[in-house]
Amino acid sequence: MPVNSRQSTESRQAEIIATVVALAADRNPAEVTTTDIAKAMNVTQGALFRHFSNKEAIRLAVIEWIETQLMSRLGDAQVSAPNVLKGLEAMFLAHVIFIREFPGVPRLVFAELQQPESTPVRQRVHEIMRHYRQTLAETLGRAKAAQLIRDDVDVQAAAALFLGAIQGLVMQSMLGGVPSDTEDPVVGVLHLYLAGLGARP
């Protein structure tokens, strides 16, 4: 394939993925059709299928984009932090910022997890979540070794709670957000989580 053609395909695929993520911010992702995607891009459905073989291929590409973007941000957050505990804090905030920047992301993930059948896309979501939990568990293990959190912390449970706290914030936002006269709860939730770990300066 000529270079220009390949670049054109990659650019169009990126545009399709971005369109799906944007559409998912305002509606149930399960109800987004290829007709909706094509209409939002002002192209024909045939144009979509020149770059993806079918709708499932589009869904898989979207999930892989989410993984690449999120894990890259989490990695950058860890690297730029002065210690592993600060890295954990930075990961939490980076995840929240990512979701606020792309509100369609949690809707897409939840929609795939709610699929009744074990599709390749759903399996991929589960793999990403396992990888994320393992990354968190390893990070928490290093924090424990550095005596930055309590020695008796169950790192697997703490990793699950980390994700659960973020998911709770996401659900609150999806169900109505935070009233304008209320402080943003993110930092407060993070501090409560760290206090539960016995975080030490």
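**Figure 1. Residue types around the second largest pocket of the predicted model.** The lining of the second largest pocket divides into eleven nonpolar, one polar and three charged residues; Ala, Val, Leu, Ile, Met, Phe, Trp, Tyr, Cys and Pro count as nonpolar, Asp, Glu, Lys and Arg as charged, and the others, Gly among them, as polar. The model is predicted, with local features needing pLDDT of at least 70 and side-chain atom pairs counting only at pLDDT 80 or more, while totals for chains, interfaces and linings use all residues. Residues are numbered from 1 along each chain as its sequence is written, and side-chain values use heavy atoms, with hydrogens and water left out.

**Figure 2. Centre of the second largest pocket.** This pocket holds about 220 Å³ of space, a volume being the space filled by probe spheres set on grid points joined across faces, edges and corners. Of its 15 lining residues, Pro-29, Ala-30, Lys-55, Arg-59 and Glu-112 are the closest to the centre. A pocket is an open set of points on a 1 Å grid over the protein atoms alone where a 1.4 Å probe fits, with protein on both sides within 12 Å along at least five of seven lines; lining residues have an atom within 4 Å of a point.

**Figure 3. Helices at the second largest pocket.** Helix 1 (3-24), helix 4 (55-80) and helix 6 each supply at least two lining residues. Helix 4 contributes the largest share, five residues. Helices are DSSP runs (H or I, at least four residues), numbered from the N terminus.

**Figure 4. The largest pocket.** Its volume is about 280 Å³. Ile-99, Arg-100, Leu-169, Val-170 and Ser-173 are the closest to its centre among 16 lining residues. Helix 8 (155-174) gives the most to this lining, six residues.
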